[in-house]
Amino acid sequence: MVLPAAAEAPAAAVSALKNIILFFAAPFIGLAYIVAVPFVGLGFLAVLAARAAAKIDGVRTVGLVLKHCVMAIAVPFVGLTCMVFLPFIGLAMLTWVAGRAMLEPVRNKELRHRI
């Protein structure tokens, strides 16, 4: 016979581990938002300006040329960003899958005791 407190202990440990990870990740997530928000705002303004300018025929042709030039300049930076961040994203995904695999026997054991 399993005591209810014993069944809650693994869940409490998982919750504590999740809180510790979020505690250490929060500054980096906040920094990413601080860095990205101005660019998102500028991009939104650029899209609005481009939509307004697309209604004028002469500006439309110039806009398409500028669009292709900007995209050609941005491609190396996008590639660099992918090269820098994708290994960390891959490691995080592997850690997530490994953590779930390690906790699966605990979850199955809890489910068997509840039935």
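Student: What volume does the second largest pocket have?
Tutor: The second largest pocket has a volume of about 330 Å³. Please bear in mind that this is a predicted model.

Student: Which elements give two or more residues to the lining of the second largest pocket?
Tutor: Those elements are H1 and H2. H2 provides the largest share of that lining, with eight residues.

Student: And which residues line the second largest pocket?
Tutor: Among them are Ala50, Ala53 and Ala54, as well as Val59, Arg60, Leu64, Lys67 and Met71. Sorted by class, the lining of this second largest pocket holds eight nonpolar residues, one polar residue and two charged residues.

Student: How much space lies in the largest pocket, then?
Tutor: The largest pocket contains about 590 Å³ of space. Two elements, helix H1 (4–53) and helix H2 (57–114), each give two or more residues to its lining.

Student: Which residues lie nearest the centre of the largest pocket?
Tutor: Leu17, Ile21, Thr95, Trp96 and Gly99 lie nearest the centre, out of 16 lining residues. H2 contributes nine residues to the lining of the largest pocket, which is the largest share.

Student: How many nonpolar, polar and charged residues are in that lining of the largest pocket?
Tutor: The lining of the largest pocket has 11 nonpolar residues, two polar ones and three charged ones.

Student: Let me change topic to the overall fold. How many helices and strands does the protein chain have?
Tutor: The chain has two helices and zero strands.

Student: What percentage of the residues in the protein chain is buried?
Tutor: Buried residues account for 1% of the 115 residues. The accessible surface of the chain comes to about 10,200 Å², and carbon and sulfur atoms hold 80% of that surface.

Student: How many aromatic pairs does a search of the whole structure find?
Tutor: The search finds one aromatic pair. Phenylalanine 23 and phenylalanine 24 form this pair in an edge-to-face arrangement, with 5.3 Å from centre to centre and 80° between the planes.

Student: Are phenylalanine 23 and phenylalanine 24 buried or exposed?
Tutor: Both phenylalanine 23 and phenylalanine 24 are exposed.

Technical notes. Residues numbered from 1 in each chain as written. Predicted model: local features only at pLDDT ≥ 70, side-chain atom pairs only at ≥ 80, totals over all residues. Heavy atoms only, no water. Phe/Tyr/Trp six-rings, centres within 6.5 Å; stacked < 30°, edge-to-face > 60°. Buried < 20%, exposed > 50% of the residue type's maximum accessible area, 1.4 Å probe, protein only. 1 Å grid on protein atoms, 1.4 Å probe; cavity = no way out; pocket = protein on both sides within 12 Å on 5 of 7 lines; lining within 4 Å. Points joined across faces, edges and corners; volume = space filled by probe spheres on them. Helix = DSSP H or I, 4+ residues; strand = E, 2+ residues; numbered from the N terminus. Nonpolar A, V, L, I, M, F, W, Y, C, P; charged D, E, K, R; others polar. Areas by Shrake-Rupley, 256 points an atom, 1.4 Å probe, with all protein chains shown as cover.
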